[in-house]
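Here are a few exercises to work through with the structure open beside you. Try each task before reading its solution.

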Amino acid sequence: MNPLDTLAGLFAGEGSAEYLGEAVTQAEHMLQAAALAEAAGAAPHLVAAALLHDVGHFQGAVTGRDLMENGTDNRHSHTGADWLDQWFGPEVTEPVRLHVAAKRYLCAVEPGYLDLLSEASVHTLAVQGGPMNEEQVRAFEAHPGAADAVAVRRWDEQAKDPDMDTPGFAHFRPLLAGLLAP
């Protein structure tokens, strides 16, 4: 099956599920993150990463949310990035892989960032290891994809508005098609 058809099917099917206690569905959240990235003038690979950052939460095809809801880190960032590796290069997959680390990083280095998190995001932060310590901060900052991951994280946190008018998956399909690995 065409990878874009596979992704479209996930957004239309499992994406319609509740999103860890947020006021939007999983698909709405991911579409909002991509729309925010696009509105900010982000490069195509970052729009794609914002769109796909939580694909690791989808049950069945990738992994499941049930672990996270039960207080166990499902490592959705890594699972999702590993799954996306079959179609996209590291410019898309590494921000996906690092977006949870970016939340932990921002909570450690940016005063007030923790206060911006939704209740559900605070819960998952605890499950994911909490704010980074100094050694983890230095290691994250040294990663070549850190800045992209922080950008995706910021859109991720803003993408929980039940009233936001957001384009559907079809809007982003041409952008994704241009990023597919040969």
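**Exercise 1: a helix on the inside**

The buried residues of helix 3 are His45, Leu46, Val47, Ala48, Ala49, Ala50, Leu51 and Leu52. Here buried means under 20% relative accessible area (exposed is over 50%, partly exposed in between; 1.4 Å probe, protein chains only). Helices are DSSP runs of H or I, at least four residues, numbered from the N terminus.

Before you start: this is a predicted model, where local features need pLDDT of at least 70, side-chain atom pairs count only at pLDDT 80 or more, and totals for chains, interfaces and linings use all residues. Residues are numbered from 1 along each chain as its sequence is written, and side-chain values use heavy atoms, with hydrogens and water left out.

*Task.* Work out why helix 3 is largely enclosed by the rest of the structure, and what covers its buried residues.

*Solution.* 
- Step 1: eight of the nine residues of helix 3 are buried, so the helix is largely enclosed.
- Step 2: look at the cover, which includes helix 1, helix 2, helix 5, helix 6, helix 10 and helix 11.
- Step 3: zoom in on Leu52. Leaving aside neighbours within four places in sequence, Leu52 is in contact (heavy atoms within 4.5 Å) with Leu7, Phe11, Met30, Leu84, Phe88, Val92, Val96 and Leu176.

**Exercise 2: the nonpolar cores**

*Task.* Find which residues of the largest nonpolar core touch the most other members. A nonpolar core is a set of buried Ala, Val, Leu, Ile, Met, Phe, Trp, Tyr and Cys residues joined through side-chain atoms within 4.5 Å.

*Solution.* 
- Step 1: this core has 36 residues, and Leu7, Leu51, Leu52, Leu84, Phe88, Trp155 and Leu176 touch the most other members.
- Step 2: the elements giving two or more residues to this core include helix 1 (3-12), helix 2 (26-39) and helix 3 (44-52).
- Step 3: helix 2 gives the most, with eight residues.

**Exercise 3: paired rings**

*Task.* The structure holds three aromatic pairs; describe two of them. Rings of Phe, Tyr and Trp (its six-membered ring) pair if their centres lie within 6.5 Å; planes under 30 degrees apart count as stacked, over 60 as edge-to-face and the rest as tilted.

*Solution.* 
- Step 1: Phe11 and Phe169 have ring centres 5.0 Å apart and planes at 40°, so this pair is tilted.
- Step 2: Phe11 is in helix 1 and Phe169 in helix 11, 158 residues apart.
- Step 3: Tyr105 and Phe140 have ring centres 4.7 Å apart and planes at 35°, so this pair is tilted.
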